[in-house]
Amino acid sequence: MTTVAKGLEGVVAATSAISAIENGMLTYRGIDIDVLAERSNFEEVVYLLWHGRLPKASELEALRSALIEAAGVPEDVLAVLRRAPQNTHPMTVLRTAISALALYDAEAEDMSEAANIRKAVRLVAKTPTLVAAWQRIRSGEEPVAPRSNGSIAESFLTMLHGREPDPTHVEALDKAFILHADHEFNASTFAARVTVGTLSDMYSGVVAALGALKGPLHGGANEQVMAMLEEIGAPDRVEAYIRGKLERKERIMGFGHRVYKDGDPRAKHLREMSRRLTESIGESKWYAMSVAIERLVGELKGLKPNVDFYSASVYHSLGIPRDLFTPIFAISRMAGWTAHILEQYSDNRLIRPRAEYVGPSNVPYVPIEARG
Ligand code: SDX
C-alpha cells in the first residue's frame, strides 16, 4: 500500500484535454481564460469545451438555435417544482428536476455519441429554465417561457425577472458563465466522471455532480459569501468579524483553493465586475467590504479569493436571490460536466481506487444469545 492521499490531494486520476490549471493559469482546450472572458461568449465556450475547438460562425449559429429550441421543459417536470415545498433549497429542487428530465427524454438510455451530444445540449439548455422556473413558482408566479432569441444569459434573466434584462447585466452574467464553465477535476466534475465511468447514463452523471456542487466547500460557497457580507453589514465591521472567525478557527467562505495557491485567475475578472455592478446599483459597500476582507484574510492567513468570493456580490447586483447563487454556478458548469462525461465515455476505464483498511481484523462471530 502506498501512503493515503487524503481527499485525493495531488493525485492525477486520469488524462484530460478539456481544461488545464497550470502555473496559476486556467485554459479551456488550450485557450487562456483571460482571453475567453474578454472576447468570447458562453455559447462559444460550450462548443469549445464539447468539441475541442472554437466553432465557425455557422456552427455557433446552429448551436445557439439548438439551445433555444431545447430550452423548454416538460409540464410534468414543472409539476415536480409545483409540488415541492416552497422552502426547499434550490439546489435540491434542481437536482430533483434534472433527474426528472430523464423520465421524458426518449434518448436517456441511448449511449451513442450522437445521442449523448443531443442530451448535453438539452441539459445545458434546460438547466437555466428550471432555475428560473423554481424562482417564479416559489414566489407564487407562473414560469416565464424561454426566449425564442438571444443568449442563455439573456434568456435566463428574462425568465427570472419576467422583463427585458439590462444589457450590461446580460454581458456580466455571460462573462460569469464563461468563468465558471469548467475547472479540470473539481469535486463535482470528478463525481460525474466516477458515475459515468461505470457506463451509467449522462443524467445520472450530472445528478451526481449537482449533489457534489451543493456543498459549501465547493459550489455552495458563493451563497455563504453573500450571507457573510450581509451578516457583517458594513465595512467598519469587517475587521472584528474576520478576526473573530479566524480566532474560532472558522473558514472564510470564498477563500483558499486545493489547487491554486497563489490566487484564482478567475477572481480578478469577478472583482472588477463586482466593482462596476455594485456601483451601478448604489451598493458599493459590498465591493468595499469584499476588498477589505480580501486584504485582511491575505494578511492574517495568506489566503486569496477563489471564484466564489466576488461572484457573490456580482450575482447580488444582478438581482439574483442568494440561494440561487449555486444553481447559477450549475447552469454554467453543466457545460463542463457534460464535456467531461463525453470525454470519459470516449476513453473509459472504471474509476475504482483502493482504501487502506484500518479497522479490526480476525474478529470472531459471536452468536446473538452470547452478546449480553
Ligand atoms: C470551488 O476544486 C475546484 O476547482 C473548485 C472550484 C471550481 O471551479 O470547480 O474552483 C470552485 O469550489 C472553489 C472553493 C469554494 N470553497 C470555499 O470557498 C470554502 C472555503 N475554502 C476552504 O474550505 C478550502 O480552501 C478548500 C475546500 C477550497 C480547499 O481545501 P483544502 O485544499 O482541503 O485545504 P485545507 O482544508 O486542508 O486547508 C489548508 C489550510 C488549513 O489550515 P490548517 O488547519 O492546516 O492550519 O488552510 C486553511 C485550513 O484551515 N484554510 C482556511 C480556508 N481554506 C483553507 N482557513 C480559513 N478559511 C478558509 N477558507
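Buried means under 20% relative accessible area, and the model discussed here is a predicted one.

Q: Is Lys-245 buried or exposed?
A: Lys-245 lies in helix α12, which runs over residues 238–247. The cut-off for a buried residue is a relative accessible area under 20%. Because Lys-245 has 13% relative accessibility, this residue counts as buried.

Q: Which residues is Lys-245 in contact with, leaving aside its neighbours within four places in sequence?
A: The residue in question belongs to helix α12. Once the neighbours within four places in sequence are left aside, the contacts of Lys-245 are Glu-250, Arg-251 and Ile-252.

Q: What is the distance from a polar backbone atom of Ile-252 to a nitrogen atom of the ligand?
A: Ile-252 is in contact with Lys-245, and a polar backbone atom of Ile-252 also pairs with the ligand. For Phe-255, a polar backbone atom is 2.8 Å from a nitrogen atom of the ligand. For Ile-252, the distance to a nitrogen atom of the ligand is 2.8 Å.

Q: How much of the ligand's accessible area does the protein cover?
A: A polar side-chain atom of His-183 lies 2.5 Å from an oxygen atom of the ligand. On its own, the ligand has 1,000 Å² of accessible area, and the part of this that the protein covers is 72%.

Q: How many residues surround the ligand?
A: The shell draws at least three residues from each of domain 1 and domain 2, and its members divide into eight nonpolar, seven polar and six charged. The closest are His-183, Arg-251, His-257, Arg-258 and Arg-266, and the number of residues that surround the ligand is 21.

Definitions and conventions: Residues numbered from 1 in each chain as written. Predicted model: local features only at pLDDT ≥ 70, side-chain atom pairs only at ≥ 80, totals over all residues. Heavy atoms only, no water. Helix = DSSP H or I, 4+ residues; strand = E, 2+ residues; numbered from the N terminus. Buried < 20%, exposed > 50% of the residue type's maximum accessible area, 1.4 Å probe, protein only. Contact = heavy atoms within 4.5 Å. Near = heavy atom within 4 Å. Polar contact = N/O pair within 3.5 Å; in protein donor to acceptor, adjacent residues only side chain to side chain. Areas by Shrake-Rupley, 256 points an atom, 1.4 Å probe, with all protein chains shown as cover. Nonpolar A, V, L, I, M, F, W, Y, C, P; charged D, E, K, R; others polar. Domains from an automatic or database assignment.
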